[in-house]
Amino acid sequence: MTKKRGTRTIRSIALVMAALASIAMFAGGCNTVQSPNRQVSDLQITTQVKAKLAPDVRASSLTNIDVNTTNGVVTLAGEVENAEVRRSAETVTASVPGVVRVNNNLQASPAAASVAH
């Protein structure tokens, strides 16, 4: 009878360990610490930034601008035609409600810079 009880205990422990490992694996796959409301808000900010950039930035530059928002901090990345478009994109982005800060990682096109000289 003790042998049977020992086997059941080992099986129970193994089952609990497997369950804990599964939970840890799924929890590790979740890579956000933002609440669902904050995620929606960030998505709304990104959408508003893109909508505001459309009429203010040249179409050829607009397709090259990536907009990413996390906790109200908007990061602009990509390549634009010149420094003026880069500054304009930052100004427009900063004017969107909910934007906390703008990280302007836009690069002015070297081709456009050499034509200006």
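This is a predicted model: local features need pLDDT of at least 70, side-chain atom pairs count only at pLDDT 80 or more; totals for chains, interfaces and linings use all residues.
Welcome! Residues are numbered from 1 along each chain as its sequence is written, and side-chain values use heavy atoms, with hydrogens and water left out.

**Strand pairing**
- S1 (residues 65–70) and S2 (residues 73–80) run antiparallel and are joined by six bridges; strands count as paired if DSSP finds at least two bridges between them.
- Within this pairing, Asp66 has Ala77 in S2 as its bridge partner.
- S2 also pairs with S3 (residues 101–108), this time in the parallel sense, over eight bridges.
- Here Thr75 has Asn103 in S3 as its bridge partner.
- From S2 the chain passes through helix H4 (residues 83–94) to S3 in a right-handed β-α-β crossover (clockwise from the first strand over the helix to the second, with the strands pointing away from the viewer).

**Overall layout**
- The chain has five helices and three strands, taken as DSSP runs (helices H or I, at least four residues; strands E, at least two) and numbered from the N terminus.
- Along the sequence, the pattern reads α-α-α-β-β-α-β-α.

**Burial and contacts**
- Of the 117 residues in the chain, 23% are buried, meaning under 20% relative accessible area with a 1.4 Å probe, protein chains only.
- Among contacts (heavy atoms within 4.5 Å) with a separation of 6 or more, 61% come from residues 24 or more positions apart.

Key:
Buried means under 20% relative accessible area, exposed over 50%, partly exposed in between (1.4 Å probe, protein chains only).
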